[in-house]
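Let's read a protein model piece by piece.

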Amino acid sequence: MNQCLNLAKSALEDGNPPVGALIVLDGKVIGTGIESGKSTGDITNHAEILAVRDALKNGYSDKLHLSSMYTTHEPCIMCSYMIRHHKIAEIIYGTSVAYVGGNTSKYNVLATEDVPKWGNKPKIIGDVCVDECNELNAQFLELLSKSK
């Protein structure tokens, strides 16, 4: 998770929400993502989606179902859909995301087993390094308030 926090700091330096994500298989990082939706103008450039894209680019499409994703934030609904589509086995995240979190909101895409093609839900571990993640969020909110 410390690597994710470093990625999140890079995102924050570029004016993005502080989110960093990694995909790990057998102890090896196979994909990384740094939140860049705000700086690129492309809302799909969430850290989790970029980490999956990176893992796919690196040739791991057939192994994602055996991997774990680490991310500083609970994956949102959009990212959760991608996670479920690729059947990523485990999600470890820092801080929860109000209203649109894929696990803790009423739109619990990560937890549902109502979509037959998705199979079993991933193992989910939250609140890892939550204080550090929340501190980065506070810095982002302060940056936003100064830019108004």
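Q: Which residues does Ser 68 touch, not counting residues up to four places away in sequence?
A: This is a predicted model, where local features need pLDDT of at least 70, side-chain atom pairs count only at pLDDT 80 or more, and totals for chains, interfaces and linings use all residues. Residues are numbered from 1 along each chain as its sequence is written, and side-chain values use heavy atoms, with hydrogens and water left out. Contact means heavy atoms within 4.5 Å. With sequence neighbours up to four places away set aside, Ser 68 touches Leu 22, Ile 23, Val 24, Ile 88, Glu 90 and Ile 92.

Q: What distance does the polar contact between the side chains of Ser 68 and Glu 90 have?
A: A polar contact is a pair of N or O atoms within 3.5 Å; within protein, one must be able to donate a hydrogen and the other to accept it, and residues adjacent in sequence count only if both atoms are side-chain atoms. Glu 90 is buried, at 18% relative accessible area. Its side chain and that of Ser 68 are joined at 2.8 Å.

Q: Which residue meets Glu 90 in a salt bridge?
A: Side chains of opposite charge can pair when their charged atoms come close. A salt bridge is a side-chain nitrogen of Lys or Arg within 4 Å of a carboxyl oxygen of Asp or Glu. For Glu 90, the N to O distance is 3.8 Å, and the partner is Lys 123.

Q: How many residues apart in sequence are the parts that Lys 123 and Glu 90 tie together?
A: The side chains of Lys 123 and Glu 90 form a salt bridge. Lys 123 belongs to strand E5 (residues 123–125) and Glu 90 to strand E4 (residues 90–95), so the bridge ties together parts whose separation in sequence is 33 residues.

Q: How many salt bridges are there by this rule?
A: The Lys 123 and Glu 90 pair is one of them. Asp 54 and Lys 57 also pair, at 3.4 Å, as do Glu 142 and Lys 146, at 3.3 Å. The count is three.

Q: In which helix do Asp 54 and Lys 57 both lie?
A: Asp 54 is buried at 17%, whereas Lys 57 is exposed at 65%. They are three residues apart, about one turn of the helix, and that helix is H3.

Q: How many of the 11 residues of H3 are buried?
A: Among the buried ones are Ala 47, Ile 49, Leu 50 and Val 52. The cover over the buried residues of H3 includes strands E1, E2 and E3 and helix H4. H3 is largely enclosed by the rest of the structure because its buried residues number eight.

Q: What is the phi of Asp 127?
A: Most residues other than glycine have a negative phi. Asp 127 lies in the loop between E5 and H5 and is exposed at 51%. Although Asp 127 is not a glycine, its phi is positive, about 65 degrees.

Q: What distance separates the C-alpha atoms of Cys 133 and Lys 146?
A: Cys 133 lies in helix H5 and is buried at 1%. Lys 146 is in helix H5 too, but is exposed at 63%. They are 13 residues apart along the chain, and their C-alpha atoms are separated by 20 Å.

Methods:
Helices (H or I, at least four residues) and strands (E, at least two) are DSSP runs, numbered from the N terminus. Buried means under 20% relative accessible area, exposed over 50%, partly exposed in between (1.4 Å probe, protein chains only).
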